[in-house]
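Work through the following exercises with the structure in view, and compare each of your steps with the solution that follows the task.

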Amino acid sequence: MFSKILIANRGEIAIRIIRACRELGIKTVAVYSSADQNALHVQLADESVLLGDAAPRESYLNAEKIIAAAKQTGAQAIHPGYGFLSENADFARAVESAALVFIGPSAASIRAMGDKAESKIMMKAAGVPTVPGFEGLQSEDEFRKAANEIGYPVLVKAAAGGGGKGMRVVNEESELSDALEAARREGLNSFGSDVLLIEKYLDKAHHIEFQVFGDKYGNLIHLFERECSVQRRHQKIIEETPSVLLTPQLREEMGKAAVAAAKAVNYYNAGTIEFIFDPKISAFYFLEMNTRLQVEHPITELVAGIDLVQWQIRVAAGERFPFAQDDFTQRGHAIECRLYAEDPSTGFLPSTGVLLQYLEAAGPNIRVDSGFSTGSEVTHFYDPLLAKLIVHAEDRASAIRKMRTALSDFVAHGVVTNIDFLQEVLKHESFAKGEVSTRWVEENFGAWGAAGVSTDAMIAASLADVVFAGATLQSAVSNETDPFNPWNQTHNFRL
Amino acid sequence: MKTTFDTHSLEVNPSGAGYIAVVDGKNVRVQVLRADAKTGMMELSIDGRRVVAHVSADKAKRWVTMNGQTVMLTKTSGAKRGVRHDHAGGLIAPMPGQVRSVAVKVGDLVKKGQTLLTMEAMKMEIRIQALKDGAVTALHVQQGQTVEREQILIEVEE
């Protein structure tokens with residue numbers, strides 16, 4: 001087993017990995033950018049190394065600096081988390097070349113699955129169903145021809161992409177040119193490649209993915225599905241397991257396909273096979289494989305009863321995964337909500353600022369994976385994920401109730417968050433029925449606006465100025481001429 | 001004590017052990033039952049109803065969470081304010097970020113809806129598009145430049 005691991009990430013996932021290491025008795029090294037000097041993951045790690053400027057290319061995407069930091073601190077392995085370098089085969093190879101262990105699959109598996117076009121060809125060969133479409137096209141003309149053949153709407157996406165970046169839905173031919181350009185640019189900026197593929201865009205489709213896990217000795221199983229259909233801008237905001245759509249038979253079929261897909265690239269460690277599911281005809285298609293730990297891994301951990309991050313580390317160190325498929329059953333129902341610093345009323349534009357107040361929910365079977373605390377700054381350099389709120393209950397209805405209660409206990413001030421929006425989704429009839437497809441949010445909440453300001457809220461805000469600032473009513477009157485007198489910066493509390 | 005939030009005004013005055021709030025001409029009795037400065041928590045009695053609120057302040061902004069719902073209020077002197085997306089023909093940055101590309105130059109004629117420049121923030125691409133047909137009269141940013149929220153990027157005149 002390793003004695004020291006470097007975590008090449010930030011935010012909640014870095015903290016999640018640090019916790020797993022501590023429980024296994026492994027020392028941790030955090031890396032950080034100049035924007036993250038006071039970040040929680042830096043405080044929690046045993047030691048930390050400054051990589052460079054805030055821009056990801058200077059810090060969390062800089063493979064050379066990260067490997068040098070591992071060498072310098074004597075770490076034996078690197079956990080990449082998700083995003084950043086986690087699905088970069090060159091990085092995985094460079095880590096191994098530096099005589100360090102990459103906690104994840106082999107560079108060859110990442111490379112094989114990393115290219116959406118090549119992986120699709122490989123999956124077809126392995127007998128895994130795939131979405132109708134084309135790979136290997138170059139010119140706009142070729143794409144135009146392909147789109148016409150497939151029929152609009154189509155999806156163009158970066159072959160090297162993931163996480164909804166470098167991806168555009170094209171509803172009609174006039175949008176194709178702009179979409180190709182934008183997807184190419186985002187692909188180049190985020191993944192260093194502008195190769196695109198094109199496929200049929202499935203309307204009313206569900207996104208159902210399967211967790212797979214294996215060791216280096218060929219033992220590989222699946223850990224059931226995650227339904228991730230509540231999305232905005234192609235990014236998930238609510239995930240749950242089990243999916244209400246799957247019958248035991250479908251679950252078994254999809255699980256087998258997921259294992260076959262992973263085995264086709266000799267996969268080991270944690271991975272996720274994403275399927276598009278068409279509920280009208282109960283058909284599923286391989287979408288892509290995420291060759292890393294997934295943001296929403298906690299719901300699988302709760303329902304399957306396993307610590308995926310600890311097992312990632314253990315199998316990376318060469319341990320055998322001692323469980324067989326039949327050792328796992330799905331126990332109860334788990335839901336995850338992603339709390340983002342973003343404004344649902346402006347098309348989910350990210351919101352930046354300092355967290356003036358940040359209070360998390362707590363209670364039985366409530367888990368919060370977070371990277372922030374009061375005083376933390378949310379910057380525009382990184383993903384605006386504040387926290388993941390995860391609940392586990394006996395059945396779906398109880399899990400929804402638990403989630404709604406937990407969400408209402410959250411307080412996050414200083415940035416606009418999607419908490420109220422998540423509540424709206426959770427109490428929606430379509431969500432209760434499990435009918436939410438991947439376009440449901442944009443179709444139903446396009447003109448969503450935050451609730452109006454209540455009289456109670458105004459009374460509370462007025463009184464807070466008096467109560468917390470220790471201002472007398474006389475000086476509060478004079479406050480009218482000086483409306484910019486924030487009481488959180490005064491320290492003369494008089495309560 | 002009169003306070004104006006955005007476009008709404010209310011008056012709160014001390015009365016006995018509590019306060020009287022005047023809302024839309026009606027008097028509402030308010031008492032502060034408990035308050036904790038560290039978490040910004042206040043337990044209030046408003047017309048006999050128990051209400052728990054968390055309040056934070058940043059300059060003129062007040063954030064209030066009640067029953068799990070959060071609103072942001074801005075203390076104003078009564079003037080109307082809102083989120084601006086254009087400023088006298090100038091297009092402003094909707095959020096802080098970096099200018100990725102500039103598609104036009106001063107003097108170019110542009111059509112409504114045409115992409116003038118693109119920004120990137122949090123790995124998301126944002127297109128700044130012309131709100132009307134016209135000519136580019138000023139370009140205040142260049143490729144690669146970091147911009148602040150509401151900074152004027154480009155100006156288009158009819």
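Two residues are in contact if their C-beta atoms, placed from the backbone, lie within 7 Å. The model is predicted, so that local features need pLDDT of at least 70 and side-chain atom pairs count only at pLDDT 80 or more, whereas totals for chains, interfaces and linings use all residues. Residues are numbered from 1 along each chain as its sequence is written, while chains are lettered from A and ligands numbered from 1 in the order in which they are written.

**Exercise 1.** Find how many residues of chain B are in contact with chain A.

Solution. Counting on both sides, 53 residues of chain B are in contact with 49 residues of chain A. On the side of chain B, strand β6 (residues 49-58) gives the largest share, seven residues, where strands are DSSP runs of E with at least two residues, numbered from the N terminus.

**Exercise 2.** Determine the strand order of the open sheet in chain B, and its edge strands.

Solution. The eight strands of this open sheet follow the order β1-β2-β3-β4-β5-β6-β7-β8 (chain B), with antiparallel pairing; two strands pair if DSSP finds at least two bridges between them. At the edges lie β1 (2-5) and β8 (69-74) of chain B, each of which pairs on one side only. Strand β7 (residues 61-66) of chain B pairs with β8(B) in the antiparallel sense over six bridges, and Thr65(B) has Thr70(B) in β8(B) as its bridge partner.

Methods. Helix = DSSP H or I, 4+ residues; strand = E, 2+ residues; numbered from the N terminus.
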